Amino acid sequence: AAQKARVDEKASADTEYFWGCVERLRGVRPRKPEESDEAVFGEGDPSARGGGINFEQYLTIEVSRSGPGCEGVAEMTDFAELRRRFSTAPFFQENLQRMGYKKPTPIQRHAIPLGLAGRDLMCCAQTGSGKTFAFLVPMVWALLKLPVCPVNAAACPHGVVLCP
């Protein structure tokens, strides 16, 4: 009986933790009062924090799209378009700004709007070009719009990213 009580208590604590996480994901992450943007993301201009590739040089790279109606989804020129064109949540845009994301890479310019428009994606680009982020933005946004599943429901994937 004592063992069962401990198991039930642990299950209850795990369930409470899970729903707390879900609640935080549906809105803005609660921040400790003493935490500032600088404490969480580093000091200074976010765009100056990381080195990385200068993608301004790559804007002339030819990008090919294929599939029915793919040309009907316009590429994006900056991350602010996510809010204007796809009604992403304010916290989503705020986090992009905190991380210093201003201009999308060539692969992101095309893949993110197609993904947010519900299209399947297959992308090829050099390492470090932002493919993973281009896949995750539409997937995370779609996951945030899903209804919360009951605790007893069977687990099933809502998205898959395959990478080598």
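Good morning. The structure under discussion is a predicted model. I shall begin with the chain as a whole and then turn to individual residues.

The chain contains seven helices and zero strands, and its pattern along the sequence reads α-α-α-α-α-α-α. There are 164 residues, of which 24% count as buried. As for contacts between residues at least 6 apart in sequence, 63% of them join residues at least 24 apart.

Let me now consider helix H6, which spans residues 106–116. How many of its eleven residues are buried? The count is eleven of eleven, and the helix is accordingly described as mostly covered. The buried residues include Pro106, Ile107, Ile112, Pro113 and Leu116; Gln108, Arg109 and His110 are also among them. The cover over these buried residues includes helix H4, residues 80–86, and helix H7. After H6 comes Gly118, which has a positive phi, near 85°.

Within H6, I would draw attention to Arg109. Why does Arg109 count as buried? Its relative accessible area is 14%, and the cut-off for a buried residue is under 20%. Which residues does Arg109 contact, once its neighbours within four places in sequence are left aside? They are Leu59, Glu75, Met76, Thr77 and Pro104.

I turn next to the surface. Leu136, Val140 and Val161 together form a nonpolar patch there, with about 190 Å² of accessible area between them. Helix H7 covers residues 131–145, and Val161 is placed in the segment after that helix. Is Val161 buried or partly exposed? Val161 counts as partly exposed because its relative accessibility is 31%, and that class lies between the limits of 20% and 50%.

A further partly exposed residue is Val63, with a relative accessible area of 35%. Val63 sits in the loop between helix H3, residues 46–49, and helix H4. How far apart in space are Val63 and Ala125? The separation is 9.8 Å, C-alpha to C-alpha, although the two residues are 62 residues apart in sequence.

To summarise, the model is predicted, the chain has seven helices and zero strands, helix H6 is mostly covered, and Leu136, Val140 and Val161 make up a nonpolar patch on the surface. Thank you for your attention.

Definitions and conventions. Residues numbered from 1 in each chain as written. Predicted model: local features only at pLDDT ≥ 70, side-chain atom pairs only at ≥ 80, totals over all residues. Heavy atoms only, no water. Patch = residues over 30% accessible without salt bridge, like charges linked within 9 Å, V, L, I, M, F, W, Y side chains within 5 Å. Areas by Shrake-Rupley, 256 points an atom, 1.4 Å probe, with all protein chains shown as cover. Salt bridge = Lys/Arg side-chain N within 4 Å of Asp/Glu carboxyl O. Helix = DSSP H or I, 4+ residues; strand = E, 2+ residues; numbered from the N terminus. Buried < 20%, exposed > 50% of the residue type's maximum accessible area, 1.4 Å probe, protein only. Contact = heavy atoms within 4.5 Å.
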